[in-house]
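Subject: Structure handover

Hello,

Here is the structure for your set-up work. My notes on it follow below.

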Amino acid sequence: MKLHTYIYVIFMVMLTSCSDFLDLSPKDAANVSNFYRNASDMQAAVNAAYGMLASAGEYGYAYYNVAEVRSDNTMNWEGGGNLPDAELDQFKMSTTNEIIRLMWIDTYRGILACNAVLDHIDGAQMDQALRERFIGEAKFLRALKYFNLVRTFGDVPLVLSETKSVNEGYNQTRVAKEEVYKQIIADLIDAAQRLPTTYTGNDVGRATQGAAKALLGKVYLTTGDYAKARDILKEVITQGTYRLLDDYAALWLVANANNQESIFEVQFKKGGTGTGSNFYNNFAPRNSGSSVAKIGFAGGRNLPTSDMVAAYEPGDIRKAASLSLGYTNQAGVFVADPYTLKYHDGTPFSEGDADNNWVVLRYADVLLMYAEALNETNNGPTAEAYEAINAVRKRAKLAALPEGLSKLAFAQAIEHERQVELAFEGHRWFDLVRTGKAVTVMNQHFQAPVVKEHNTVFPIPQTQVDVNPQGIKQNPGYTF
């Protein structure tokens, strides 16, 4: 990592001072030597860590490309050529791909913001209960960012304190992914002990105890520790904070942000402050003009594939709530060009400036993960596992699964349910990788042996290899 990466975040943390959590724009400047003194300073520093989640390298752009477009769920309009989107979509990635470069840099910027909080908070004059909460938030955010990095790149540098010099940066070499997961788990366990169950007012949307536990359950599933996943996910269910909304389509209304099914969302706020989301524009079909996106450019990104369109069972109401099969153009002609509906609600302030949040974790995901963990630990589905998955299916107006399924058949049912329930939300690619099905499923999708085992992780950005060739080695299978 380069020094300017670290300077950027220190500067950002210094500039960000907000009392309203959703107000992520800079307000005033402070000299770093006089910063981190009190609760207001520390809240500004914590908000900077949250704010980086909305950056282009995290959930603002890179994440849906890595987690959805990489999978059989979605594609980008640029199907050919060597554009970054096409490279990622078609498994023809170069080590100079701009999307992965952004993801690496912005995620580490966010980690630095978390480390700045943790390094300085003990010296701040503030209420102890608030100090504990801020530590919990910083550790949750650091864990989430590292989880995204390790799933994307495999072994990565594990940086747990502020980097203050070039020499320190050169010493930050890739470590085994097992060590990274160990730190992620430790951060989430600690965060769960410090975070509240709910918030009120302007604090709604911050990380909660349930968010830490739900993410921990996903981490345990990813590492194959099904018993621990089962137990921690059960805690999320029994705490009674979350429930499935009755109307699946209502999940995606801007007015329903941070609803009772939502466990953690990346907050976006329109209004010309640089904190709005671009999904409204980016997910509209490229040639649709103003037929779909009424304001601004139609990006043609994260579009449903034919496989995704065909994945829904007859009568599944989630299909019509999740995607449109096309649009009626200005001449009154229907154009069969499917696009994503989940992030299309509302009117942007301007192009790329909307209120649509990105939902990272929600209760339906917890129920399906819990059913999976039970199936694995019991060597087959239990009554509780059926109850969990059938609750999700019932909301979708589908019949319950037949009883007596084998472990394999039930696992296949969960895989299918996750694909249609969580479509376009950033789960599919990582689900395929963690279950060992990525290569098989994607080659079936392409109808050709396009995907190889080394493609289950992405190339390390070439800029990082160039700046520290001894400490940052390229992933096997990728060349400059």
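A term to begin with: a crossing is left-handed if the near helix is turned anticlockwise from the far one by less than a right angle, and right-handed if clockwise. Helices (H or I, at least four residues) and strands (E, at least two) are DSSP runs, numbered from the N terminus.

Some ground rules. This is a predicted model, so local features need pLDDT of at least 70 and side-chain atom pairs count only at pLDDT 80 or more, while totals for chains, interfaces and linings use all residues. Residues are numbered from 1 along each chain as its sequence is written, and side-chain values use heavy atoms, with hydrogens and water left out.

**Helix pairs**

Axes here are lines fitted to C-alpha atoms, for helices over the stretch in contact, and angles run from 0 to 180 degrees between N-to-C directions. Angles under 35 degrees count as roughly parallel, over 145 as roughly antiparallel, 65 to 115 as roughly perpendicular and the rest as oblique. Contact means heavy atoms within 4.5 Å.

Take helix α2 (residues 39-52) and α6. They pack at an angle of about 20°, with axes 10 Å apart. α2 and α6 are therefore roughly parallel to each other. α2 passes α6 in a left-handed crossing. On the α2 side, A39, M42, Q43, V46, A49, Y50 and M52 take part; they meet L130, F134, E137, L141 and K145 in α6.

The second pair is α14 and helix α15 (residues 383-395). Their angle is about 150° and their axes are 8 Å apart. α14 and α15 are therefore roughly antiparallel to each other. The crossing of α14 past α15 is left-handed. From α14, A364, L367, L368, Y370, A371 and L374 meet residues of α15, including E384, A388, V392 and R395.

**Cores and burial**

Buried means under 20% relative accessible area, exposed over 50%, and partly exposed in between (1.4 Å probe, protein chains only). A nonpolar core is a set of buried Ala, Val, Leu, Ile, Met, Phe, Trp, Tyr and Cys residues joined through side-chain atoms within 4.5 Å.

The largest nonpolar core has 121 residues. F140, Y146, I184, L188, F264 and W358 have the most contacts inside it. Helix α6 (residues 128-153) supplies the largest share of this core, 12 residues. A second, separate core has nine residues, among them Y280, A293, A298 and Y339.

Beyond four places in sequence, Y146 touches Y108, I111, V156, P157, L158, V159, V180 and I184.

K145 is in helix α6 too. K145 is buried, at a relative accessible area of 0%. Leaving out residues up to four places away in sequence, K145 touches A49, M52, L53, E58, T107, G110, I111 and C114.

Helix α3 (residues 62-69) has eight of its eight residues buried, so it is largely enclosed by the rest of the structure. Among the buried residues of α3 are Y63, Y64, N65 and E68.

**Polar side chains**

A polar contact is a pair of N or O atoms within 3.5 Å; within protein, one must be able to donate a hydrogen and the other to accept it, and residues adjacent in sequence count only if both atoms are side-chain atoms.

N375 lies in helix α14 (residues 363-377). N375 counts as buried, at 1% relative accessibility. Its side chain reaches the backbone oxygen of K407 at 3.0 Å. Not counting residues up to four places away in sequence, N375 touches G380, P381, K407, F410 and A411.

D345 sits in the loop between β9 (339-340) and β10 (358-362). D345 is partly exposed, with a relative accessible area of 27%. The D345 side chain reaches the backbone nitrogen of V254 at 2.8 Å. Setting aside neighbours within four places in sequence, D345 is in contact with W252, L253, V254 and N356. D345 and D122 are 223 residues apart in sequence and 42 Å apart in space, C-alpha to C-alpha.

**Positive phi**

N258 is not a glycine, yet its phi is positive, near 60°. N258 belongs to the loop between α10 (226-238) and β4 (262-266). N258 is partly exposed, with a relative accessible area of 26%.

N302 is not a glycine either, and has a positive phi of about 55°. N302 lies in the loop between α11 (279-282) and β5 (303-304). N302 is buried, with a relative accessible area of 0%.

Best wishes
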